[in-house]
Amino acid sequence: MTTPVYPMTRATGCPFDPPPQLRELQEEAPLVQVDIFGRPAWLVTRYDDQRALLADPRLSSDVTTPGYPSPTGQPPRKDGVGIGFILMDDPEHARLRRMVTAPFMIKRIEAMRSGVQKIVDGLIDDLLAGPKPVDLVEAFALPVPSLVICQLLGVPYADHDFFQQNSKMLIKMTATPEERAAAHGNLASYLNDLVGEKLENPGNDLLSGLTERIRSGELTRQDAAGIGVLLLIAGHETTANMIALGTLALLEHPEQLAVLRETDDPKLVAGAVEELLRYLNITHNGRRRAVLEDIELHGQVIKAGDGVILPNDIANRDPSMFSDPDTLDVHRDARRHVAFGFGVHQCLGQPLARMELQVVYSTLYRRIPTLRRAVELDEIPFKHDGAVYGVYSLPVTW
Amino acid sequence: MKIIVDQDKCVASGQCVTAAADVFDQRDEDGIVVLLTDNPPEDLAADVHQAAAVCPALAIVVED
């Protein structure tokens, strides 16, 4: 048998489903040796094992650890200004992460809800008053989380074209190393300048909060800028993709969309958000780790120095965890999905993402009940080449 | 039912609060878990088990 090659491709006409080969491998074995850009790595195919390993301190998230599977085939690099603690291990990861956990607390995110509702209502007012068809990505899906994360971080929204374009390049898997480095450099120097401004004139925002840590000597300005880059990218790209791809998935499942359009039950809406996160898996590129100490799993030893890939798209479609996993069912209890990852690196911004999606999904289809695609499904450009999956554009009308 | 939380392990995801707001809270300075009661009424058992299951840092232990 030839070694399967990762990443795998989705089936034509099935834009919401993981690659069929992943499902075949999941059925065959819990642990499969794969080839990722010419190097061997272990693919972990099942939900339980993925959760256990993601919570296991014997696995490293540091890209420079020997064996770490490069997501692009290019050698790992640590830039002068990194992209924050996402690629670090504890204890340094925990030290830095705890500096920015407070603004994402449930009660503080809840306090933002009415403001997000106003943003969403305002953008829908503009949609309804504007021309149609319209690209939902540009006119709605990107602006909502961009406006919100700008406010939270203290980044001027007027710069949104700049940071959206550079973020898009940075997470494009087909970008050259030079293109990616340039995009990263642009964002890092932008955030570095902004942190400099906040040092002079602090406001009431997350970046200003970090300047206190710089003054106290707990954080370098470079690390503060790195955290800013991470939160700015993660704060808009991911949620924007969930809004657009989620809307498309609902348009393709009108009976599910009708449930959301007709309910005023916040619990049902919250459950639907979890189900769409489980079903869509916009982080479709496999979480990756390097092994620090030998680990035995299903009679197989994963050795120190090996690489491990843990794709959440297949874990969230594991039939031993979710019955009838390929069906989108907004009534399902999907809360134990791993769309945000698991372990100490699990998404920091998840309370914010959830709240934004709850507001969007409970508002957009009620206010535009006849919303529909303005092009055929096969004309929509999907982000097969993105580290974050979604659609590049979604022309809609009503 | 007895609940034990480990504040050193906690990564402040807040998922326990979403699952069982009568039992778990987050401290203001950094969002780390605070236990409101370590022996909640039985009718909250399902929510408490949900909280323990979704804690990404495995920082919640429930002893029935």
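In what order do the elements of chain B run from the N terminus on? They run β-α-β-β-α-β. Helices here are DSSP runs of H or I with at least four residues, strands are runs of E with at least two, and both are numbered from the N terminus. That gives chain B 2 helices and 4 strands.

A word on the model. It is predicted, so to speak of local features we need pLDDT of at least 70, and side-chain atom pairs count only at pLDDT 80 or more, while totals for chains, interfaces and linings use all residues. Residues are numbered from 1 along each chain as its sequence is written, and chains are lettered from A and ligands numbered from 1 in the order in which they are written.

Back to chain B. Its C-alpha trace spans about 30 × 20 × 15 Å along the principal axes. The radius of gyration, taken over C-alpha atoms, is judged against a globule rule: 2.2 Å times the number of residues to the power 0.38. For 64 residues, a compact globule would come out near 11 Å, and chain B, with 10 Å, agrees.

What about burial? A residue is buried if 20 or more other C-beta atoms lie within 10 Å of its own, exposed if 12 or fewer, and partly exposed in between, with C-beta atoms placed from the backbone. In chain B, 44% of the 64 residues are buried.

Now contacts. Two residues are in contact if their C-beta atoms, placed from the backbone, lie within 7 Å. Take the contacts in chain B between residues at least 6 apart in sequence: 56% of them join residues at least 24 apart.

Chain B also meets chain A. Here 16 residues of chain B are in contact with 16 residues of chain A. On the chain B side, α1 (15–19) and α2 (45–54) each give two or more residues. The largest share, 3 residues, comes from α2(B). By type, that side has 8 nonpolar, 6 polar and 2 charged residues. Nonpolar means Ala, Val, Leu, Ile, Met, Phe, Trp, Tyr, Cys and Pro; charged means Asp, Glu, Lys and Arg; the others, Gly among them, are polar.

On to the sheets of chain A. Strands pair if DSSP finds at least two bridges between them. In one open sheet, 6 strands stand in the order β1-β2-β3-β9-β6-β4, with mixed pairing.

Look at β9(A). Strand β3 (residues 39–44) runs parallel to β9 (residues 307–310), joined by 2 bridges. A:Trp42 stands opposite A:Val308. β6(A) pairs with β9(A) in the antiparallel sense, over 4 bridges. There, A:Arg288 has A:Ile309 as its bridge partner. Which way do the residues point? A:Gly307 and A:Ile309 go one way, A:Val308 and A:Leu310 the other, and all are buried.

A second open sheet in chain A has 3 strands, in the order β5-β11-β10, with antiparallel pairing. β5 (134–135) and β10 (372–373) stand at the edges with a single partner strand each, so one side of each has no neighbour in the sheet. β5(A) meets β11 (residues 395–397) over 2 bridges. A:Asp135 stands opposite A:Pro395 there.
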